[in-house]
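Reader: I would like to learn how to read features off a model of this kind. Please give the general idea each time, and then the case at hand.

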Amino acid sequence: MRRPIVTGLAALTAGMLWAETRPAGLPDPLTDADYLPLRAEEAELGQLLFYDPILSGNREVSCGT
């Protein structure tokens with residue numbers, strides 16, 4: 001069954017209205033400036049640790065499994 005385009009436009013419009021009328025007390029949306037800079041060496045180390053099964057209790061399962 002094909003969904004009408006109007007439904008997608010209505011959802012988009014509702015999302016835009018929600019962004020403009022956000023309830024008071026909520027923080028601003030995150031931007032790229034809110035994240036710490038990434039160093040390639042740290043990212044590579046994190047990837048190695050994430051896929052290393054030796055760090056698990058039975059040495060057979062990694063976080064990435």
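Reader: Is Y51 buried, partly exposed or exposed, and at what relative accessibility?

Author: The class follows from relative accessible area: under 20% is buried, over 50% is exposed, and anything in between is partly exposed. Y51 has 51% relative accessibility, so Y51 counts as exposed. Bear in mind that this is a predicted model. F50 falls in the middle class, because its relative accessibility is 38%.

Reader: How many aromatic pairs does a search of the whole structure find?

Author: In general, a pair of aromatic rings is described by the distance of the centres and the angle of the planes. Searching the whole structure gives one aromatic pair. That pair consists of F50 and Y51, with 4.9 Å centre to centre and 90° between the planes. An angle over 60 degrees counts as edge-to-face, and the pair of F50 and Y51 is edge-to-face.

Reader: What share of the 65 residues in the protein chain is buried?

Author: Buried residues account for 3% of the 65 residues. The protein chain exposes about 6,400 Å², and 64% of that area is supplied by carbon and sulfur atoms.

Reader: How many salt bridges does the structure hold?

Author: Side chains of opposite charge can pair when their charged atoms come close. The structure holds two salt bridges. One joins E41 and R39, with 3.7 Å between the closest N and O atoms. The other joins R39 and E42, where the closest N and O atoms are 3.4 Å apart. R39, E41 and E42 are therefore linked in a network of salt bridges, given the cut-off of 4 Å.

Reader: Which class of accessibility does E41 belong to?

Author: E41 is exposed, because its relative accessible area is 54%. R39 counts as partly exposed at 48%. E42 is also partly exposed, with a relative accessible area of 44%.

Reader: Which residues make the nonpolar surface patch of about 300 Å²?

Author: A residue qualifies for a patch if it has over 30% relative accessible area and no salt bridge. Here the patch is made by L45, L49 and L55. L49 is partly exposed because its relative accessibility is 41%.

Reader: Where is L49 found?

Author: L49 is found in helix α2, which covers residues 40-50. As for the overall count, the protein chain has two helices and zero strands.

Key
Residues numbered from 1 in each chain as written. Predicted model: local features only at pLDDT ≥ 70, side-chain atom pairs only at ≥ 80, totals over all residues. Heavy atoms only, no water. Patch = residues over 30% accessible without salt bridge, like charges linked within 9 Å, V, L, I, M, F, W, Y side chains within 5 Å. Areas by Shrake-Rupley, 256 points an atom, 1.4 Å probe, with all protein chains shown as cover. Salt bridge = Lys/Arg side-chain N within 4 Å of Asp/Glu carboxyl O. Helix = DSSP H or I, 4+ residues; strand = E, 2+ residues; numbered from the N terminus. Buried < 20%, exposed > 50% of the residue type's maximum accessible area, 1.4 Å probe, protein only. Phe/Tyr/Trp six-rings, centres within 6.5 Å; stacked < 30°, edge-to-face > 60°.
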